[in-house]
Every structure is written in structure tokens, then in C-alpha cells.
2 protein chains.
Amino acid sequence: MGLSGLTTDRDDILPPDRLPLGIAARLSRYLQTLTQARKMGRETISSKELATYTHVNSTQIRRDLSGFGKFGKRGVGYNVESLVVQIRKILRTSGQHNIALFGAGHLGRAIASSDGFADHGFRVVAIFDRDSAKVGERIGPLTVRHNDELRAVVEEQGIVVGVLAVPGHAAQGLADDLVAAGVRIIFNYSEALLTVPPAVTVHTSNPAVDLLYALYFYLT
Amino acid sequence: MGLSGLTTDRDDILPPDRLPLGIAARLSRYLQTLTQARKMGRETISSKELATYTHVNSTQIRRDLSGFGKFGKRGVGYNVESLVVQIRKILRTSGQHNIALFGAGHLGRAIASSDGFADHGFRVVAIFDRDSAKVGERIGPLTVRHNDELRAVVEEQGIVVGVLAVPGHAAQGLADDLVAAGVRIIFNYSEALLTVPPAVTVHTSNPAVDLLYALYFYLT
DNA sequence: TAGATTGTTAATCGATTAACAATC
DNA sequence: TAGATTGTTAATCGATTAACAATC
């Protein structure tokens, strides 16, 4: 289970090929580490090493993976490249997915220029701000647009995820607009508690939560 | 449990009063929501509402809390203010904790000026950059210092957590310096896979991991 | 061969959920 | 009182762990 706050409609009837929540979450984590290991030129990695970086028990990792096939080589470990391909196939996230980013402040710029999303097939294809003074500014390959264009851009670009890097007081309004435009996944970097229909998934990013948790074990 | 990657030394002999990892993680999550609810002027909150925002089952929440006392009022819910106080007491994180931030780029500035940490008693008391051109710049109430001053500042200010908002290639070096200076909690916003001694806790922030996970359930 | 690491089993522990009496 | 929500139980399910044969 997750420190991070994600759910979906658990009331839905799950298609038989849908993974349990826990496994999907862990596979995503393995993928993150594998992607970075590949960048560092690693060819193989053992379940023990993966355990060190993902903080998941190594037996659990081997068990998760062996449920889908025999991907490893005894005495050697897993081939990084081919495991990345396999996990992407399992998670069915091999494609490109378009993101719209709201807020062209420091956080928005940091997100737009990070590799974190790009490495996993997420592409920021539009940046919005409600401040007309910022509209027209260039951030990397993109030009800042006004919030008013949200609806048109979501349709044109096939936006799947909306990322809110705006002050808390602006977040709910944008969430409403995104929902109205048909976006079903919202990534909330503001402190606001968002209210959305059940079919929409909100993930609120809380660095301090993880820090509190780490601190508890440091203090005790 | 936990999408987020945090562990501590599980080999240690746990003092009898140490909470199971899962409960500590969830309590941190409740606290985040309660803090925000308090900001919004809410006086009470039900386990069902907390469940909506934290994505933890409402029965689980009531059970977690009832392990420490009867904090709620039947038919009404929990008093927000007093529950914040209780959970802080349980987590023993009522105090102020000093953070050192590395990297004065967009991400560093965003972190320094966010309320996210401050709300939970974490205070950024120093910002470092290795670029001499940035040293001396003011960010809010702080002045950017050069990385060289790390050791002295950690001792003077009693730094408990080091936050890395630097490019991946610079992260391991800073982690080594932090460890050498005695810091035991590192929050890594870079993509680098950090290697540290077992006594040190590293949390690597992976927004894309959570997004992949959300997307999986959207696509299936 | 010797060493390392996978794949898998079995046993334990914690999380999840539904249900409901107690009570505000 | 009627409605809502807590506190708690019991039953189920998934995660964790140790152990080890298989095999690279």
C-alpha cells in the first residue's frame, strides 16, 4: 500500500486482467529504479539491489515478477533493459501520454524542465497561467497560454492528466474546469483538498508527509 | 504499504513504544489532511471525509485512532484541532525541525517558499548552491550559501534533514557530505539512485511513479 | 566446481472490509 | 426522537519473511 494518496473506483467490477492495487504500485516503483539504472549504464540488477532502492523486500520483488514470467537468470539477476520492457507491457503504459501543466511559477518551471515525467512517457504539452503577464513567455519548447484556453487544448492534444502547480486557492477552480473538460487524472501539488466526482482520481503530493514519517523513525 | 519509498533499519530491535511502519505512515497522512482542514476553518471532520481525502478506508482510520484513545464523538466526528494535537503527540513531531536545502534553481525556490514543510514544523534554515554566482542571492528570508559551508551550518543549526533539489549528477556527492556531517535523513528530489550507509534514510520523490499507477487504473 | 541469485513454498503477520451495537 | 458516526468485532485477503532447491 501507499504512503501516497491514490485510489480509483474500487466499486467497479474489475476486469479479470486488472492487477491488484499493491502490485501495480510496486511495479511502478521497480520501473522507476530500472529506468534510472539503465541511464547509469547498468545491464543487470539483482532483486536485492532493487530492494535497496525501492524499499520493497527482495522476496516480494521476485514473487511479483515471477507472477508474469521467468524474467531473471539465476546467479545473475535481471536484465535491466528487458525488465523495463516487460513491466511497461504489464502496466500497459508503453505509449506517450499528454500532460497539461497549470502554473508557470518556480514549481511549474521545475516540473516542465524535469526528466521525471518524460522518462515514463509523460509529455508536458501545454503550460497555462492565469496571469496575462506570463502568457506568451517561453518555457523550454512551450509557450505559456492563458487558462481560458484549457478546454480547447485538452481536446486538441488529448490531455490525459492535469498537473496543478498553482496556489491552493486556485486549485479547486482548475480541478472543476479539468473535470468539465473530461480529464480524469489530476495531480495536485497545491495544499488544497480537492473535491471531485468519484470517477476522477486525485493525487495530492505531500512531501512533508513522507518527511514526518521518516522523522518518526529517526526520533524513536 | 506505501507507494513512497521510505524505510528504516528494520533489523534494529524496536523499542516497545515504536509504532508499526504502516500506522506511522497513515497517521502522517491524516495529519496532512487535518492541517489543511484546519486552515479552511473546519471544526470537525468525520472518518468518512478523512477517508475521501487520504484514500484510506474509513474503518481503518477509526481503528487506527481508537488504538490511542477515544478521540471522536459519535454522530459528530473528530474535532480537527484536538486530533492534530493528539496525532502530533503520538508521532512525537510536535517540535521544530531544521532543514537544509541544496540547489537554488526553480525547484529549490519553489520548496523554500512553500507552506508544505512549514505546516508540519519543518523549517528551511539554509539554502546552498555550488554556483558562486547564486551565492549571496536572497530567497525569502534566507541568503544562498556556498556548498562549502555545509558542515559548519549543519552543526550550528542542528540540521536534521537534507533536501536535494539539484541535478542528478550532483546528488551523490552532496549525500556523502551530508552523511559525513551527521545528517541521517535525506530527501532526494533528483533522479539519482543514492547509496548511503544503512543508518541513513533516503526518500526519493518520484511523481511519475504515482502517475503511472494512476494511469494504469485509468487505462484498464 | 563454487558462489550467487532466482523461483517458489509455507507460515505469520498486518490490512481491509462489512457489519452493527453504542451513543452523540 | 431520528439520523449520523464512532468504536469494535470477526472474517478475509494480501504482504512479509525465512528457507531452500534449482540453476546460471
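How far apart do the C-alpha centres of domain 1 of chain A and domain 2 of chain A lie? They lie 30 Å apart. Before we continue, note that this is a predicted model, in which local features need pLDDT of at least 70, side-chain atom pairs count only at pLDDT 80 or more, and totals for chains, interfaces and linings use all residues. Residues are numbered from 1 along each chain as its sequence is written, while chains are lettered from A and ligands numbered from 1 in the order in which they are written.

**Chain A as a whole**

- The domain assignment divides chain A into domain 1 (21–91) and domain 2 (97–208); such bounds come from an automatic or database domain assignment.
- Chain A has nine helices and ten strands. Here helices (H or I, at least four residues) and strands (E, at least two) are DSSP runs, numbered from the N terminus.
- Along the principal axes, the C-alpha atoms of chain A fill a box of roughly 60 × 45 × 35 Å.
- Of the 220 residues in chain A, 46% are buried. A residue is buried if 20 or more other C-beta atoms lie within 10 Å of its own, exposed if 12 or fewer, and partly exposed in between, with C-beta atoms placed from the backbone.
- Among the contacts in chain A with a separation of 6 or more, 57% join residues 24 or more positions apart. Two residues are in contact if their C-beta atoms, placed from the backbone, lie within 7 Å.

**The surfaces near the DNA**

- For both strands, a residue is near if its C-beta atom, placed from the backbone, lies within 6 Å of the strand.
- DNA strand C is surrounded by 29 residues, and the closest are Gly72(A), Gly75(A), Gly22(B), Thr59(B) and Gly75(B).
- Two or more residues of this surface come from each of helix 2 (47–54), helix 3 and strand 3 (77–79) of chain A, and from each of helix 1 and helix 3 of chain B. Helix 3 of chain A gives the most, with five residues.
- DNA strand D has 30 residues around it, of which Gly22(A), Thr59(A), Gly75(A), Gly72(B) and Gly75(B) come nearest.
- What is the make-up of the surface near DNA strand D, in nonpolar, polar and charged residues? There are nine nonpolar, twelve polar and nine charged residues. Near DNA strand C, the residues divide into nine nonpolar, twelve polar and eight charged.
- In this sorting, Ala, Val, Leu, Ile, Met, Phe, Trp, Tyr, Cys and Pro count as nonpolar, Asp, Glu, Lys and Arg as charged, and the others, Gly among them, as polar.

**The nonpolar core**

- The largest nonpolar core has 129 residues, and those touching the most other members are Leu101(A), Val163(A), Leu164(A), Leu101(B), Val163(B) and Leu164(B). A nonpolar core is a set of buried Ala, Val, Leu, Ile, Met, Phe, Trp, Tyr and Cys residues joined through C-beta atoms within 7 Å.
- Leaving aside neighbours within four places in sequence, the contacts of Leu101(B) include Ile111(B), Val124(B), Ile127(B) and Val163(B).
- In soluble globular proteins, nonpolar side chains tend to be buried together.

**Helix 2 of chain B and the residue after it**

- Helix 2 of chain B has Ser47(B), Leu50(B), Tyr53(B) and Thr54(B) as its buried residues. Seen down the helix axis, these fall within an arc of 125°, so they line one face of the helix; the arc is that of the directions from the helix axis to the C-beta atoms.
- Those buried residues pack against helix 1 (21–39), strand 1 (44–45) and helix 3 of chain B.
- Just after this helix, His55(B) takes a positive phi of about 60°. Most residues other than glycine have a negative phi.
- His55(B) counts as partly exposed because 19 C-beta neighbours lie inside 10 Å.

- Buried or exposed: which is His97(A)? His97(A) counts as buried, with 21 C-beta neighbours inside 10 Å.
- His97(A) sits in strand 4 (residues 97–102) of chain A, and its contacts beyond four places in sequence include Gly121(A) and Leu215(B).
- Pro197(A) lies in the loop between strand 9 (185–188) and strand 10 (201–204) of chain A. With 7 C-beta neighbours inside 10 Å, Pro197(A) counts as exposed.
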